Amino acid sequence: MLSLVGGDPAWAHAIVVHSTPSAGTTLDLSPTQVIVRFNGRVDHKRSVLSLGQPDKTVRPLVIEMDGPAHELRAALAVLPPGAYRLQWQVLAVDGHIRRGMIPFTIGTP
């Protein structure tokens with residue numbers, strides 16, 4: 001009998017289930033950390049986080065390798081007001097590469 005309850009199915013693509021900051025959020029202050037939580041484990045060593053900045057440059061972020069297996073976490077320096085894009089790329093346990101973007105704003109939109 002096959003059970004689909006619990007665990008991380010090996011065939012499931014990595015899907016973002018939560019992020020800090022959340023997509024579309026306007027924050028009063030710069031976050032000190034970004035977190036992207038997925039529906040299953042991701043390979044930290046083969047994943048990438050970067051920050052698209054208001055001036056259109058993209059800065060790589062250092063992923064915390066000791067974070068939970070289903071999350072990517074990175075510390076942030078204080079960011080000035082503006083529109084940002086947290087860009088992510090992960091290798092999921094099913095072997096598929098997934099990527100996406102989480103836009104957020106600091107200060108008045």
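I take buried to mean under 20% relative accessible area, exposed to mean over 50%, and partly exposed to mean in between (1.4 Å probe, protein chains only). S47 is buried by that rule, because its relative accessible area is 9%.

**Ground rules**

I am working on a predicted model, where local features need pLDDT of at least 70, side-chain atom pairs count only at pLDDT 80 or more, and totals for chains, interfaces and linings use all residues. Residues are numbered from 1 along each chain as its sequence is written, and side-chain values use heavy atoms, with hydrogens and water left out.

**Entry: the whole chain**

I looked up the secondary structure first. I found zero helices and eight strands. Helices (H or I, at least four residues) and strands (E, at least two) are DSSP runs, numbered from the N terminus. Along the sequence the pattern reads β-β-β-β-β-β-β-β.

Next I checked burial. Of the 109 residues in the chain, 37% are buried. The accessible surface comes to about 6,600 Å². Carbon and sulfur atoms hold 59% of that surface. The areas come from the Shrake-Rupley method with a 1.4 Å probe; for residues, only the protein chains shown count as cover.

I then looked at contacts (heavy atoms within 4.5 Å). Among contacts with a separation of 6 or more, 63% are between residues 24 or more positions apart.

Strands of a sheet pair through backbone hydrogen bonds, either parallel or antiparallel. For this model, two strands pair if DSSP finds at least two bridges between them.

In what order do the strands of the open sheet of three run? The order is 1-3-6, and the pairing is antiparallel. Strand 1 (16-20) and strand 6 (71-75) are the edge strands, each pairing on one side only. From one strand to the next, the twist averages 5°. Axes here are lines fitted to C-alpha atoms, for helices over the stretch in contact, and angles run from 0 to 180 degrees between N-to-C directions.

I followed one pairing more closely. Strand 3 and strand 6 run antiparallel and are joined by five bridges. Opposite V36 stands L72 in strand 6.

I found an open sheet of five strands in the order 2-8-7-4-5, with mixed pairing. Its edge strands are strand 2 (25-27) and strand 5 (58-61), and each pairs on one side only. The twist averages 30° from one strand to the next.

How many bridges join strand 7 to strand 8? I noted 10, and the two strands run antiparallel. V90 has R98 in strand 8 as its bridge partner.

**Entry: aromatic pairs**

A pair of aromatic rings is described by the distance of the centres and the angle of the planes. Rings of Phe, Tyr and Trp (its six-membered ring) pair if their centres lie within 6.5 Å; planes under 30 degrees apart count as stacked, over 60 as edge-to-face and the rest as tilted. I searched the whole structure and got two pairs.

F38 and W88 are edge-to-face, at 5.1 Å centre to centre and 75° between the planes. This pair links distant parts of the chain: F38 sits in strand 3 (residues 33-38) and W88 in strand 7 (residues 82-91), 50 residues apart. F38 is buried at 2% relative accessibility. W88 is buried too, at 8%.

Why is the pair of Y84 and F104 called stacked? Their planes lie at 20°, so the pair is stacked, with ring centres 5.6 Å apart. Y84 is in strand 7 and F104 in strand 8 (residues 97-106), 20 residues apart, and this pair also links distant parts of the chain. Y84 is buried at 2%, and F104 is buried at 2%.

**Entry: the loop between strand 3 and strand 4**

I picked two residues here. N39 lies in this loop, with strand 4 at 48-52. Is N39 buried or partly exposed? At 33% relative accessibility, N39 is partly exposed. A polar atom of its side chain lies 2.9 Å from the backbone nitrogen of I15.

A polar atom of the S47 side chain is 2.5 Å from the backbone oxygen of D43. Leaving aside neighbours within four places in sequence, S47 is in contact with V42, I63, L72, Q89, V90 and L91.

Methods:
A polar contact is a pair of N or O atoms within 3.5 Å; within protein, one must be able to donate a hydrogen and the other to accept it, and residues adjacent in sequence count only if both atoms are side-chain atoms.
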